[in-house]
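Welcome! Take a moment to look over the sequence and the 3D view, and then we will walk through them together.

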Amino acid sequence: MIKKKAILRFDPATVEKPITYYLIKQYDLWINILQAKFEPALGGKLVIELGGDQKQLDEAFAYLEEQNIKVDFLEQGVSWNKVKCNNCGACVSVCPVGALKMDKQTYHLEFNYQDCVVCGYCADACPVKAIEIIF
Ligand code: SF4
Ligand code: SF4
């Protein structure tokens, strides 16, 4: 199975479309929703991981384009700049999956990239912008 992480952006005209239902029903994709923020009057953002074979994914992304849903692929996920990081720990408490931890011996931040679901909360919480979401 090929997996792709992407951000789907919805405008007010598309925000109420049942996109994940169609992606599963029509394209038989495996779906993992990483983050969802919707305001009907303004639009919405869905951070999603899709799994399937290349044909399924190509067809699904063509479908999203037809529906005027903007897709940005998350090829790398999260970038952590160790030099900028001052090990304040502000990002640790906001991480929903425990990918960020303080080493109890050194009081330095440890980042387990495998567990990260690219929600972006740590990037928002970091006072020195040491963490960025990379597209
Ligand atoms: S983006 Fe940051 S807060 Fe979100 S899962 Fe990854 S490390 Fe944790
Ligand atoms: S919030 Fe920023 S500076 Fe503080 S530990 Fe996390 S990455 Fe480092």
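Predicted model: local features only at pLDDT ≥ 70, side-chain atom pairs only at ≥ 80, totals over all residues.

## Two domains

Domain bounds here come from an automatic or database domain assignment. For this chain, that assignment gives domain 1, covering 2-73, and domain 2, covering 78-134. The centres of the two domains, taken over C-alpha atoms, are separated by 27 Å.

How many residues of domain 1 are in contact with domain 2? Four residues of domain 1 touch four residues of domain 2, where contact means that the C-beta atoms, placed from the backbone, lie within 7 Å. On the domain 1 side there are two nonpolar, one polar and one charged residues. In this grouping, Ala, Val, Leu, Ile, Met, Phe, Trp, Tyr, Cys and Pro count as nonpolar, Asp, Glu, Lys and Arg as charged, and the others, Gly among them, as polar.

Residues are numbered from 1 along each chain as its sequence is written, and chains are lettered from A and ligands numbered from 1 in the order in which they are written.

The mean pLDDT (the predictor's confidence in each residue, from 0 to 100) is 89 for the chain, with 98% of residues reaching 70 or more. Strand β5 (residues 77-80) has the lowest confidence, with a mean of 83, and strand β6 (residues 100-102) the highest, at 97. Strands (E, at least two residues) and helices (H or I, at least four) are DSSP runs, numbered from the N terminus.

## The sheet and its helix

Now to the open sheet: its four strands follow the order β2-β3-β1-β4, with antiparallel pairing. Strands pair if DSSP finds at least two bridges between them. At the edges are β2 (30-39) and β4 (70-73), each pairing on one side only.

Strand β1 (residues 2-10) is joined to β3 (residues 43-52) by nine bridges. In β3, Gly 44 is the bridge partner of Phe 10. Helix α1 (residues 19-27) packs on the sheet and touches β1, β2 and β3.

## Around the ligands

Ligand 1 has 13 residues around it, of which Cys 95, Ala 99, Cys 116, Cys 119 and Cys 122 come nearest; a residue is near if its C-beta atom, placed from the backbone, lies within 6 Å. This shell holds twelve nonpolar residues, one polar and no charged.

Around ligand 2 there are 13 residues, and Cys 85, Cys 88, Ala 90, Cys 91 and Cys 126 come nearest. Here the shell has ten nonpolar, three polar and no charged residues.

Technical notes:
Contact = placed C-beta atoms within 7 Å. Axes fitted to C-alpha atoms, helices over the stretch in contact; angles between N-to-C directions.
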